[in-house]
Amino acid sequence: MKNIYQKIILSLMLCILSFTMVLQFTYVEEDYSFVSLKNIEDLKTAINKEEEEIKDLIALIEANKGKLREYGSALITEGSIQEVLRSEIDNMKAFSGFKDLEGPGITVKLQDSDRDLYEGEDPGNLVIHDGDILIILNALKIAGAEVLSVNGQRILSTSEIKCTGPTITINNHTYGQPFIIRAIGDPETLDAAIKAPGSYAEYLKNVYGLKIESYVSDSIKIPKYDGNIHFKNITPVEGD
Amino acid sequence: MLFAIIGLVTGVILGLYLPITYPATYSLYISVAILAAIDSVFGAIRSILEDRFNTEIFVSGFFGNAILAGFLAYIGDRLGVPLYYAAIFAFGVRLFQNFAIIRRYLLDKIKSDKNNI
């Protein structure tokens, strides 16, 4: 009796063993490799990244399709792809500073102060510095200026404003005071950026006594950049 | 012997036809557990040949070893150390030892049978 009981137990165990083995064989057959939890996490993040990239690419495709449609409709209305491309080049030129531009905006005139120095005061306090001009240009950009020039020099993204003693060098041209900044944009906002209490220009004017004046105009003319551009270090990335 | 074969065959049939699945992550743990179970079975065969077979020891070893081996693999995974190697070595070595002993018993038996004839 005991022998039978033992044999039943044994067969039950073997049944369980072969059951799990078959389960494992049939299941694992497809692809079995040791995958740790960390690997799974890595793969998950990789998949997420890929998915995001795919999303970006789809968006890019959409954008390019829109452009294509634009070209197509422009072709129908304007008749020639040259026209479309030319207008695009004009836009690019306007943006990059190779075109004379005109529009409403303001003129800001900055001049050194006429007042006498206080006892022991730094004479630098009465002078317009390169930093002052930079800060005012930035304030105008914040106020929505689309194009800027200083003393007739178009401000490009690479334009330097360098202190050269009592003068300031912009686009390799050196100017003495007064400095005249022209900006095209919404005239009222630009004017406010210069005149608003608490603005940097107002501070220079009222605290240091520098002569800063701004005039609103409906037609500001800003000349194109008159130099040449040479790139030494950059090369465009292929396939962009 | 008959009971053992019946058990194996029913297990295979059940495994083939029961629609049971588990996450692929656990397949390593189950593999190690299967190794432990095979080891127990070989141990049982050996003890039967030695007339020392004890059902309680066999059943507890079967499940205990399998669960411990699977658990070890899981812990190793979590710690980043492949601890399941420990189970593979321990059970693998014992498996071969048991098999060697079983072989000797069987060969002796065959020899003695021949001599009797």
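Trainee: Which residue in strand 7 of chain A is the bridge partner of A:Thr107?
Mentor: The partner in strand 7 of chain A is A:Arg182. A:Arg182 also stands opposite A:Ser149. This is a predicted model, in which local features need pLDDT of at least 70 and side-chain atom pairs pLDDT 80 or more, while totals for chains, interfaces and linings use all residues. Residues are numbered from 1 along each chain as its sequence is written, chains are lettered from A and ligands numbered from 1 in the order written, and side-chain values use heavy atoms, without hydrogens and water.

Trainee: Why are strand 1 and strand 7 of chain A called paired?
Mentor: Two strands pair if DSSP finds at least two bridges between them. Strand 1 (residues 101-111) and strand 8 of chain A have ten bridges, strand 1 and strand 7 of chain A have six, and strand 2 (residues 147-150) and strand 7 of chain A have four. Each count meets the rule of at least two, so each is a pair. In strand 8 of chain A, A:Lys221 is the bridge partner of A:Glu102.

Trainee: What makes the five-strand sheet of chain A open, and which strands are at its edges?
Mentor: The antiparallel order is 3-2-7-1-8. Strand 3 (153-154) and strand 8 (211-222) of chain A each have a single partner strand, so one side of each lacks a neighbour in the sheet. Helix 5 (residues 187-195) of chain A packs on this sheet, touching strand 1, strand 7 (179-184) and strand 8 of chain A; touching means heavy atoms within 4.5 Å. The direction of helix 5 makes about 15 degrees with that of strand 1 of chain A, on a scale from 0 to 180 degrees between N-to-C directions of lines fitted to C-alpha atoms, for helices over the stretch in contact.

Trainee: Which strands form the three-strand sheet of chain A, and in what order?
Mentor: The order is 4-5-6, antiparallel and open. Strand 4 (161-164) and strand 6 (173-175) of chain A pair on one side only. From one strand to the next, the twist averages 30 degrees. Three bridges join strand 5 (residues 167-170) of chain A to strand 6 of chain A, with A:Ile170 opposite A:His173. Helix 4 (residues 130-142) of chain A touches strand 4 and strand 5 of chain A, at about 160 degrees to strand 4 of chain A.

Trainee: Why is the contact of A:Glu41 with A:Lys44 called a salt bridge?
Mentor: The rule asks for a side-chain nitrogen of Lys or Arg within 4 Å of a carboxyl oxygen of Asp or Glu. The N to O distance here is 3.9 Å, so the pair qualifies. A:Glu41 and A:Lys44 are three residues apart in helix 2 of chain A, hence about one helical turn. Over all chains there are seven salt bridges.

Trainee: How many salt bridges and polar contacts cross from chain A to chain B?
Mentor: Zero salt bridges. One residue pair, both at pLDDT 80 or more, is in polar contact (N or O atoms within 3.5 Å; within protein, one able to donate a hydrogen and the other to accept it, and residues adjacent in sequence count only if both atoms are side-chain atoms). Helix 1 (2-28) and helix 2 (37-78) of chain A each supply at least two residues of the side of chain A that touches chain B, where helices are DSSP runs (H or I) of at least four residues and strands (E) of at least two. Helix 1 of chain A gives the largest share, 22 residues.
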